[in-house]
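Please read the points below with the model open beside them.

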Amino acid sequence: MPDANLHDWNLTPEQAIALQRRMAGSIEREDRLAPVRHIAGIDIGFEQGGEVTRAAAVVLAWPGDPLIGLDIVEQVVHREPTRMPYIPGLLSFREIPAALAAFGMLTTRPELVMVDGQGIAHPRRLGVASHLGLWLDLPTIGVAKSRLCGVHDEVPEPRGEWTPLRHRGETIGAVLRTRAGVKPVYVSLGHRISLATSLDWVVRCLGRTKLPEPTRLADRLASRRGPMPRPAD
DNA sequence: GCGACAG
DNA sequence: ATCTTGTCGC
């Protein structure tokens with residue numbers, strides 16, 4: 001069987017794991033961002049019992065109106081047949097192809113991308129946010145609603161409080177309280193950004209909800225709940 | 001060997 | 001992730 005390469009998304013679990021180990025070494029954990037004017041949010045949802053994969057991408061302008069909040073500049077949806085099942089640790093191979101297709105539909109090229117899932121807070125340090133960041137060569141942040149690996153203390157109740165997420169003696173992310181009394185989110189750097197800066201951006205993009213706006217809006221679009229994209233004027 | 005396990 | 005109604009609370 002031929003070796004796995006970046007353009008092949010139909011890999012065996014063994015090949016996928018080997019590829020993650022190779023790619024993880026290319027992840028940049030320090031800031032290398034252009035001035036942020038647009039922030040994108042990416043998320044994937046499923047339809048028809050999982051047969052169809054639905055990728056959503058939203059672009060928000062930064063900074064937004066202090067009263068209205070962040071403005072939606074663009075929002076797109078891409079649907080395609082689901083390729084592979086969900087396997088813990090191999091999520092990106094299931095979601096990235098569709099995410100890339102949706103991202104490619106965007107007219108605006110954001111300077112920062114927030115992804116629903118882990119960045120380097122992954123057993124092999126290559127969660128979906130990191131994988132996507134490497135592919136797009138853009139700064140990415142992983143914002144997950146639950147933990148994949150690592151341990152942490154309880155997070156203080158006040159909004160904005162956080163505690164380190166550790167795994168094998170290394171800090172791989174932060175568990176952030178985005179709303180008092182609500183389950184915290186797992187923030188980890190994806191690519192070309194530090195954990196500290198990642199936390200800054202997530203907090204800055206927070207509305208009154210648990211998830212930051214980019215991820216929250218993409219989530220809503222991907223799960224086909226909120227209003228559909230309005231046709232162009 | 002026995003659990004845990006992003007979405 | 002998705003399947004699903006009502007219900008508790010600000």
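**Notes on the model**

1. The side chains of Arg125 and Glu170 are joined by a polar contact of 2.8 Å. A polar contact here is a pair of N or O atoms within 3.5 Å; within protein, one must be able to donate a hydrogen and the other to accept it, and residues adjacent in sequence count only if both atoms are side-chain atoms. A polar atom of the Arg125 side chain also lies 2.7 Å from the backbone oxygen of His122.

2. On the basis of the work: this is a predicted model, in which local features need pLDDT of at least 70 and side-chain atom pairs count only at pLDDT 80 or more, while totals for chains, interfaces and linings use all residues. Residues are numbered from 1 along each chain as its sequence is written, chains are lettered from A and ligands numbered from 1 in the order in which they are written, and side-chain values use heavy atoms, with hydrogens and water left out.

3. Where is Arg125 found? Arg125 sits in the loop between strand S4 (112–116) and helix H3 (128–136); helices (H or I, at least four residues) and strands (E, at least two) are DSSP runs, numbered from the N terminus. Arg125 is buried, with a relative accessible area of 10%. Buried means under 20% relative accessible area, exposed over 50%, and partly exposed in between (1.4 Å probe, protein chains only). Not counting residues up to four places away in sequence, Arg125 touches Ala24, Ile27, Arg29, Ile120, Ser130, His167, Arg168, Glu170 and Ile172, contact meaning heavy atoms within 4.5 Å.

4. The backbone deserves a check at several places. Most residues other than glycine have a negative phi, and most peptide bonds are trans. Arg125 has a positive phi of about 65 degrees although it is not a glycine. For Arg192, phi is near 55 degrees, again a positive value in a residue other than glycine. Arg192 lies in the loop between S8 and helix H4 (195–204) and counts as buried at 11% relative accessibility. The peptide bond from Trp62 to Pro63 is cis, with omega near -5 degrees; Pro63 is placed in the loop between strand S2 (52–61) and strand S3 (72–81).

5. Strand S7 (residues 170–176) is largely enclosed by the rest of the structure, because five of its seven residues are buried. Strand S6 (residues 162–167) pairs with S7 in the antiparallel sense over six bridges; two strands pair if DSSP finds at least two bridges between them. S6 and S7 form a hairpin with two residues between them, and Arg168 in the turn has a positive phi of about 50 degrees. On the other pairing, S7 and strand S8 (residues 185–191) run antiparallel and are joined by three bridges. Val175 in S7 stands opposite Thr163, and the bridge partner of Val175 in S8 is Tyr186.

6. Gly142 belongs to strand S5 (residues 140–144) and is buried, with a relative accessible area of 0%. Leaving aside neighbours within four places in sequence, Gly142 is in contact with residues including Val115, Gly117, Ala129, Tyr186 and Gly190.

7. How many disulfides are there? The count is zero, a disulfide being a pair of cysteine sulfur atoms within 2.5 Å. Cys149 counts as buried at 8% relative accessibility, and Cys205 is buried at 1%.

8. DNA strand B has 19 residues around it, of which Tyr86, Gly89, Lys145, Ser146 and Arg147 come nearest; a residue is near a molecule or strand if one of its heavy atoms lies within 4 Å of it. Sugar and phosphate account for 52% of the atoms of DNA strand B that come within 4 Å of the protein. A polar backbone atom of Lys145 is 2.7 Å from a phosphate oxygen of DNA strand B. Helix H2 (91–104) gives the largest share of this surface, three residues.

9. DNA strand C is surrounded by Gly45, Phe46, Lys145 and Ser223. A phosphate oxygen of DNA strand C lies 3.3 Å from a backbone N or O atom of Phe46. A polar side-chain atom of Lys145 lies 3.2 Å from a phosphate oxygen of DNA strand C.
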